[in-house]
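I begin with one of the ligands and then turn to the protein as a whole.

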Amino acid sequence: MKHNDHDVPDISGLDLNNHPSVIAYRQAPKKIKQESLSRKWIKKVVCEAGADDAGVVEIDRLEIKDQKQSILTAFPLAKTLISFVCRMNAAQIQSQDRTLADGEFIALDAEMLLISRKVVKVLRENGIAAITPSEGFPQDMNKWPGKMFTVSHKPVAAAAGLGHIGHHRLLIHPVFGSHVCLGTLIMDTALDSYDQPLGFNPCISCKLCVSVCPTGAIGKDGSFQFLNCLVHAYRDRLGGFLSWTEALVTSKDMEEYRQKRNDSETMAVWQSLTYGGGYRCGYCMSVCPAGSDLIGSYIDSRKEYIQAIVKPLQERKESVYVFPGPESEASLSKRFPNKTARPV
Ligand code: B12
Ligand code: SF4
Ligand code: SF4
């Protein structure tokens, strides 16, 4: 019995020897693929393309063992992971005008895509194949509600010496602090050497992230309730889209729909779908004073820092999306009297 009758086309009647592409390929000088590349060279390429820092990790590294299989599924030739960070404009991320923070996320998304593409072009010119998993989106919705992203950037960045995970679960770079976006490029070539994790954690355990987190996602004890964060921060995006659709299709008219979603909420969905951004939070990143470039203003005048950066976010009037229940609603109004609980 013949296998794969339907999958493998029969080419026995084709004369490939006379095809122009095959002739050109055979006549061209053979490209010799380098077995191993310089770590310094690749990091220089990534930084020249626009990244603010970069580090490299081998596919067999222990810290990313749990990701190895999914990375190889996406790219079976993977040998090296290049982690890179792009610095955000902290003044925008800290502002209580959240369109500034959103604008920064949108801009960085586009910038990082461009950086990745520039690096891939240089690699391709050197006979190296590479992939550029998304910074955040697109994700594989076939896997909903499981793990839908190709690579977890934070553990790769930590293994590559670009920082450590702080109390708030974001990666903190030793110089730029939490105000960084992360990317990972994966290539088919090994390097002459690799980076190692940083010898200290830049997190200073000030717990400002706990004090500002409206959903209680970040516990004092270091726990993290990612669903609490998801339902609020991503209300107008991934987290809330299904419930928005449900509100829409289960309402018999606009009046009934408006009882479920007010016009401001509908416009917020429109904005996030058409323009991007649309995070309702990110305050843990805003207030974090870690990183040598940011820590000064906190160390020199803690009171002023809190007054200027933490208090405006704590006192900001806004709706906070919480799981229904008297406990979560009461806890919100006790901690943040200006905020209104909106059960999801
Ligand atoms: C999924 C995701 C989220 C989820 C889950 C967050 C999380 N901690 O995992 C939610 C929606 C909550 C989220 C929120 C935010 N995110 Co986010 N997010 C991601 C994403 C796509 C994967 C994260 C990941 O690897 N998680 C797994 C492990 C490594 O995380 P962990 O904290 O150690 O473990 C937790 C999760 O595993 C979670 N968990 C448990 N079971 C499951 C199941 C599923 C399906 C998921 C998704 C998670 C999950 O609970 C664990 C413990 O609490 C990355 C992009 C990427 N592809 O890497 C961006 C990323 C981590 N996010 C980022 C940012 C900026 C944010 C926000 C600030 C966005 C905003 N403006 O509101 C907030 C901050 C919340 C916080 N304090 O972490 C940046 C972080 C930059 C940095 N300096 O570290 C990343 C790296 C995007 C990027 N390319 O820069 N995010
Ligand atoms: S705000 Fe403070 S405790 Fe939280 S991650 Fe930053 S340095 Fe660590
Ligand atoms: S993004 Fe907001 S809700 Fe999510 S962990 Fe940070 S402060 Fe908390």
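1. The surroundings of ligand 1 come to 29 residues, and the closest of these are Ser152, Leu170, Leu171, Phe224 and Gly282. Please keep in mind throughout that this is a predicted model, and that the description of the shell rests on it.

2. As to where the shell around ligand 1 comes from, at least two residues each are supplied by helix 6 (153-159), strand 7 (180-187), helix 8 and helix 12. Helix 8 makes the greatest contribution to the shell around ligand 1, namely four residues. Both domains take part, since at least three residues of this shell are drawn from each of domain 1 (36-191) and domain 2 (208-343).

3. The shell around ligand 3, by contrast, has no charged residues, and is made up of 10 nonpolar and three polar ones.

4. Which residues are the closest to ligand 3? They are Cys213, Ala217, Cys229, Cys281 and Cys284, out of 13 residues that surround this ligand.

5. Turning to the protein as a whole, the model contains 15 helices and 10 strands, and its C-alpha trace spans about 75 × 60 × 35 Å along the principal axes. Of its 344 residues, 35% count as buried. Among contacts with a separation of 6 or more, 69% are between residues 24 or more positions apart.

6. The domain assignment divides the protein into domain 1 (36-191) and domain 2 (208-343), and the C-alpha centres of these two domains are 26 Å apart. How many residues does each domain bring to the contact? Domain 1 contributes 22 residues, and domain 2 likewise contributes 22 residues.

7. On the side of domain 1 that touches domain 2, the elements giving two or more residues are helix 4 (90-94) and helix 5 (98-125). Helix 5 accounts for the largest share of this side, with five residues. By class, the side of domain 1 that touches domain 2 holds 10 nonpolar, 10 polar and two charged residues.

How values were computed:
Residues numbered from 1 in each chain as written. Chains lettered and ligands numbered in written order. Predicted model: local features only at pLDDT ≥ 70, side-chain atom pairs only at ≥ 80, totals over all residues. Near = placed C-beta within 6 Å. Nonpolar A, V, L, I, M, F, W, Y, C, P; charged D, E, K, R; others polar. Domains from an automatic or database assignment. Buried ≥ 20, exposed ≤ 12 C-beta atoms within 10 Å, placed from the backbone. Contact = placed C-beta atoms within 7 Å.
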